[in-house]
Amino acid sequence: MGTKTRNLDYLVNNNINVHNYKEIDNINDLIELSNIYNKFSIRFDNKDIIHNLPFYIYDKDIIENKEEYFNNIINEMNRLNCTLLCSDGYSYDNDLLFNFVIEIKDDFSFILELCDKKIPLRDIYKYKTTIIKGNILDKKYEYINRLENKYSLDNIEYLLDWIISLDKKFKYLEGTLYNKKLGIYNDNIVIWQTN
């Protein structure tokens, strides 16, 4: 089992909302998944390496030769000694309000980076992010690049209140806030990674 898959399992076991996902290691399961979902992301996963692994998107309307596309991915997966972490989150990119990365200290001070582009979270640093610093409890914030992304203070407060509800369980989270409820636990917030 890969590190990212293990992390998602940990989140689910702690009742944290994630997108539907499946770890795959063969062409038949990949084809079967494509018969269920018209769009999904394919992240390479490994038990030792977590950064800079390949990432692909399957979109039924774009990929002309599905079997050839999947065969190439499976061959690369085998060459890199990985598995594939497939998720339906890509289907909801148009519903995202913003992707975020947040680090929270024990005193509830935080640094939040967000990006409103309709992209996978892994790509947020290709764009200028808005950075919000402060303390969740006193609700006084500093902003960097405040106008680079669209977001509302209500959405920031919603996210920060949700984090308080976790009772200091997580110090670092990567996720997405959506304009509707979705994911395994049917919530507006989906988490992709924690440390």
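Let's start at isoleucine 102. Setting aside neighbours within four places in sequence, isoleucine 102 is in contact with Phe110, Ile111, Leu112, Leu160, Ile163, Lys171, Tyr172 and Leu173. One caution before I go on: this is a predicted model.

Now widen the view. Which residues touch the most other members of the largest nonpolar core? Ile102 is one of them, together with Phe100, Phe110, Leu112 and Trp162. That core holds 28 residues. Several elements give it two or more residues: α1 (3–13), β5 (96–104), β6 (109–115), α4 (153–165), β9 (172–182) and β10 (187–194). Helix α4 supplies the largest share, five residues.

There is also a second core. It is separate, it has 17 residues, and its members include Ile42, Phe70, Ile73 and Cys82.

On to charges. How many salt bridges does the count come to? Six.

First pair on my list: aspartate 95 and lysine 180. Their closest N and O atoms are 3.4 Å apart. Aspartate 95 sits in the loop between β4 (83–87) and β5, and lysine 180 sits in strand β9, so this bridge ties together parts 85 residues apart in sequence. Buried or exposed, for aspartate 95? Buried, with a relative accessible area of 18%. The cut-off for buried is under 20%. Lysine 180 is partly exposed, at 36%.

Next pair: aspartate 106 and lysine 171. Here the closest N and O atoms are 2.4 Å apart. Aspartate 106 is in the loop between β5 and β6. Lysine 171 is in the loop between α4 and β9, so the pair ties together parts that are 65 residues apart in sequence. Aspartate 106 counts as exposed, at 52% relative accessibility. Lysine 171 counts as partly exposed, at 32%.

Last pair: lysine 139 and glutamate 157. Their side chains meet in a salt bridge of 3.0 Å, N to O. Where do the two partners lie? Lysine 139 is in the loop between β7 (130–135) and β8 (141–144), while glutamate 157 is in helix α4. They are 18 residues apart, and the pair links distant parts of the chain. Lysine 139 is partly exposed, with a relative accessible area of 42%. Glutamate 157 counts as buried, at 15%. Through shared partners, salt bridges join Lys139, Glu157 and Asp161 into one network.

To wrap up, look at helix α4 again.

Notes: Residues numbered from 1 in each chain as written. Predicted model: local features only at pLDDT ≥ 70, side-chain atom pairs only at ≥ 80, totals over all residues. Heavy atoms only, no water. Core = buried A, V, L, I, M, F, W, Y, C linked by side-chain atoms within 4.5 Å. Buried < 20%, exposed > 50% of the residue type's maximum accessible area, 1.4 Å probe, protein only. Helix = DSSP H or I, 4+ residues; strand = E, 2+ residues; numbered from the N terminus. Contact = heavy atoms within 4.5 Å. Salt bridge = Lys/Arg side-chain N within 4 Å of Asp/Glu carboxyl O.
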